[in-house]
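Welcome, and thanks for taking a look at this one with us. Here is a short briefing to read alongside the structure.

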Amino acid sequence: MTSPLDGNAAAGRLFDVFSFDATVTRVTCAGCAATEVLAELPVYADAPGMVLRCGACGQALLRLAQTPGRTWVDLRGSALLEIPT
Amino acid sequence: MAGTALRRRLTWRLGRVVDQRAETATCSRISLRVDGWGGHLPGQHVDVRLTAPDGYQAQRSYSIASAPEAATVDLVVQRVDDGEVSPYLTDVLRRDDLLELRGPIGGHFVWHADLGGPLQLIAGGSGVAPFLAMLDHRAAAAPDVPARLLVSVRRPEDLIGRDRLDRYRDTGVAVDVTVTRTAPPGWDGRTGRVTAEVLGEVAWPPSERPHVFVCGPTGFVEAVADALVATGHDPRRVKTERFG
């Protein structure tokens, strides 16, 4: 497996979905309760989609896939998103 | 589609290559003139998109290496031999070519004059790119902010932004370069990896409450971040950025 990138690799695609800069969001892992800013999460971009993992326990926090005309977001690994507003 | 028209998007723009310079044997600095560019903060990114003749697209995120004050948006691209995007940018792209990009994006790993100092920047290899933007911005907007830069490279010839580093030194930035492979005869800089001991010698101490930024390959960043925290730096003041 190649080394992960970080949350900046997902920034543009997440902006397409959420319409704000999601990289400054703090994400709490539903598995181990660790909280990290999204920009610093390990991102695996070589999969068909993108997978953002917990830096502490490795759980998939956010999975994102794009098909023509659709974006799919799976957030079940995240317990909480803290978004600066 | 309902709602689509109201949704704010990051617009893809075309940048024209106005300059391209080799920084090292495998790394280029590409300067783009982007019509309608709305400015950026040092440390922010752009997405670059390439489209193949059959419609296949590949997209990568790059740090902006130029300051907001510059007339161009510059990228420092390290060639990855089996990469989909970087070999095109370093080997094929020519002056006057057009490149699709969107941004700026990323509000976490940024520094600007209003944040003040002291500023501690620690780079591994091409991880120095966002720091070139920060230090160019410092020179233009806040030359009195105390700043230190530590760059780790394998060999002296891998150093990116050599001319700029000399200029930063002239404006009061403490610049240290360490080489991790055997240093050639005549090398008068540091040697060896960035350890807690090295940080103790060249970095701002935690008591100065510096803004700390670390950028580089994953292994480098994790080792340096651990060493910083071990030497008493507040993890909340240490921001990291990793690639590959």
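How many Å separate the centres of domain 1 of chain B and domain 2 of chain B, taken over C-alpha atoms? The answer is 24 Å. Please keep in mind that this is a predicted model.

- Chain B splits into domain 1, covering 11-105, and domain 2, covering 113-242.
- Where they meet, 15 residues of domain 1 of chain B are in contact with 13 residues of domain 2 of chain B.
- On the domain 1 side of that contact, β1 (13-24) and β5 of chain B are the elements that give two or more residues.
- Sorted by class, the side of domain 1 of chain B that touches domain 2 of chain B has eight nonpolar, five polar and two charged residues.

**The six-stranded sheet of chain B**

- Six strands of chain B make an open sheet with antiparallel pairing, in the order β4-β3-β6-β1-β2-β5.
- At its edges are β4 (57-63) and β5 (73-78) of chain B, each of which pairs on one side only.
- From one strand to the next, the twist averages 40 degrees.
- Helix α1 (residues 11-18) of chain A packs on this sheet and touches β3, β4 and β6 of chain B. The direction of this chain A helix makes about 70 degrees with that of β6(B).
- Strand β2 (residues 27-34) of chain B pairs with β5(B) over six bridges, in the antiparallel sense.
- Which residue of β5(B) does B:S31 stand opposite? The residue is B:D74.

**The five-stranded sheet of chain A**

- Chain A has an open sheet of five strands, ordered β1-β4-β5-β6-β7, and the pairing is antiparallel.
- Why is one side of β1 (5-6) and of β7 (70-74) of chain A left without a neighbour in the sheet? Both stand at the edges and each has a single partner strand, so one side of each has no neighbour there.
- β1(A) and strand β4 (residues 42-44) of chain A run antiparallel and are joined by two bridges.
- Within this pair, A:D6 stands opposite A:P42 in β4(A).

**Where chain A meets chain B**

- The contact between the chains draws 18 residues from chain A and 19 residues from chain B.
- On the chain B side, β3 (45-51), β6 (98-105) and β12 (238-242) each supply at least two residues.
- The element giving the most to the side of chain B that touches chain A is β12(B), with three residues.
- By class, the side of chain B that touches chain A has four nonpolar, eight polar and seven charged residues.

**Helix α2 of chain B**

- Helix α2 (residues 129-141) of chain B has 13 residues, which at 1.5 Å a residue should span 18 Å. The C-alpha atoms at its ends are 19 Å apart, which agrees with that expectation.
- Is this helix mostly covered or mostly open? α2(B) is mostly covered, with eleven of its 13 residues buried.

- A cis peptide bond joins B:G103 and B:P104, with omega about 0 degrees. B:P104 has its place in strand β6 of chain B.
- Another cis peptide bond joins B:G117 and B:P118, where omega is about -5 degrees. B:P118 is found in the loop between β6 and β7 (119-124) of chain B.
- B:D96 is a residue other than glycine with a positive phi, near 80 degrees. B:D96 is in the loop between α1 (86-92) and β6 of chain B, and counts as exposed because 8 C-beta neighbours lie inside 10 Å.
- B:R209 also has a positive phi, near 50 degrees, in a residue other than glycine. B:R209 lies in the loop between α4 (196-202) and β11 (211-216) of chain B, and is partly exposed, with 13 other C-beta atoms within 10 Å.
- B:D226 is found in helix α5 (residues 218-230) of chain B and is exposed, with 11 other C-beta atoms within 10 Å.
- The C-alpha atoms of B:D226 and B:S28 are separated by 31 Å, and the two residues are 198 residues apart along the chain.

Key: Residues are numbered from 1 along each chain as its sequence is written. Chains are lettered from A and ligands numbered from 1 in the order in which they are written. This is a predicted model: local features need pLDDT of at least 70, side-chain atom pairs count only at pLDDT 80 or more; totals for chains, interfaces and linings use all residues. Two residues are in contact if their C-beta atoms, placed from the backbone, lie within 7 Å. Helices (H or I, at least four residues) and strands (E, at least two) are DSSP runs, numbered from the N terminus. Ala, Val, Leu, Ile, Met, Phe, Trp, Tyr, Cys and Pro count as nonpolar, Asp, Glu, Lys and Arg as charged, and the others, Gly among them, as polar. The expected span of a helix is 1.5 Å times one less than its number of residues. A residue is buried if 20 or more other C-beta atoms lie within 10 Å of its own, exposed if 12 or fewer, and partly exposed in between; C-beta atoms are placed from the backbone. Two strands pair if DSSP finds at least two bridges between them. Axes are lines fitted to C-alpha atoms, for helices over the stretch in contact, and angles run from 0 to 180 degrees between N-to-C directions. Domain bounds come from an automatic or database domain assignment.
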